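The following paragraphs lead through one structure step by step. Please keep the sequence and the coordinates in view while reading.

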Amino acid sequence: MKKKSVIEGAIKCPECGKKCKPITISVSGAKVKGWRCSCGYELISPEEIEKVYLLMQAKKHEKVKISKRGNSYMITIPKAIAEAIQIEKIKIAEVFLKDEHTISVKV
Ligand SMILES: [Zn+2]
């Protein structure tokens, strides 16, 4: 028997009982799998809940110190952000100045 994931299965709307269609939902800037019913009800896949939770935790601003090492300056990445983006899997990041007061790090 072929293994079927929850995503492929038909999901019934808990509000009206109709069949929901699979969609991609944007939550906290991340795209996650979910379903939408014709009545407007949306569900996020249980497989994606942890991802959404980690991203929401990482959205909180934290103050970090800037230190100097040789000719470079360093900042630390808060644990919540490191976990949300699974930083252990990332080897290279792109750093750029977004505006006069914002440094962005694209991973
Ligand atoms: Zn519905």
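Cys13 is buried, its relative accessible area being 4%; here buried means under 20% relative accessible area, exposed means over 50%, and partly exposed lies in between (1.4 Å probe, protein chains only). The model is a predicted one, in which local features need pLDDT of at least 70 and side-chain atom pairs count only at pLDDT 80 or more, while totals for chains, interfaces and linings use all residues. Residues are numbered from 1 along each chain as its sequence is written, and side-chain values use heavy atoms, with hydrogens and water left out.

Cys13 belongs to the zinc site. The zinc ion has as its protein donors the SG atoms of Cys13, Cys16, Cys37 and Cys39, which lie 2.2 to 2.3 Å from it. Donors are N, O and S atoms within 2.8 Å of the metal (3.2 Å for Na, K and Ca); since water is not among the atoms, sites may look incomplete. The arrangement is tetrahedral because the four donor atoms subtend angles of 99 to 121° around the zinc ion. Four donors receive that label if all angles lie between 85 and 135 degrees; four count as square planar and six as octahedral if opposite donors are over 155 degrees apart and all others between 65 and 115, and anything else is irregular.

Along the chain, the donors of the zinc ion follow the spacing C-x2-C-x20-C-x1-C. Cys16 sits in the loop between strand E1 (11-12) and strand E2 (19-27), and Cys39 in the loop between strand E3 (30-36) and strand E4 (42-44), so this pair ties together parts that are 23 residues apart in sequence. Helices (H or I, at least four residues) and strands (E, at least two) are DSSP runs, numbered from the N terminus. Cys16 counts as partly exposed because its relative accessibility is 38%, and Cys39 is likewise partly exposed, at 43%. As to disulfides, meaning pairs of cysteine sulfur atoms within 2.5 Å, the count comes to zero.

The next topic is the division of the chain into domains. The domain assignment gives domain 1 (11-58) and domain 2 (66-106); such bounds come from an automatic or database domain assignment. The C-alpha centres of domain 1 and domain 2 lie 30 Å apart. Four residues from domain 1 and four residues from domain 2 take part in the contact, where contact means heavy atoms within 4.5 Å. About 320 Å² is buried between domain 1 and domain 2, with carbon and sulfur atoms giving 77% of that area. Buried area is the accessible area (1.4 Å probe) that two parts lose on being put together, summed over both. On the side of domain 1, Leu54, Leu55 and Ala58 supply 88% of the area buried against domain 2, more than any other three residues.

Several individual residues complete the picture. Lys51 is placed in helix H1 and is partly exposed, with a relative accessible area of 35%. Beyond its neighbours within four places in sequence, Lys51 is in contact with Lys31 and Val32.

Gln86 lies in the loop between helix H2 (79-84) and strand E7 (94-99). Its phi is near 50°, a positive value in a residue other than glycine. Ser104, in strand E8 (residues 102-106), is buried at a relative accessible area of 15%.
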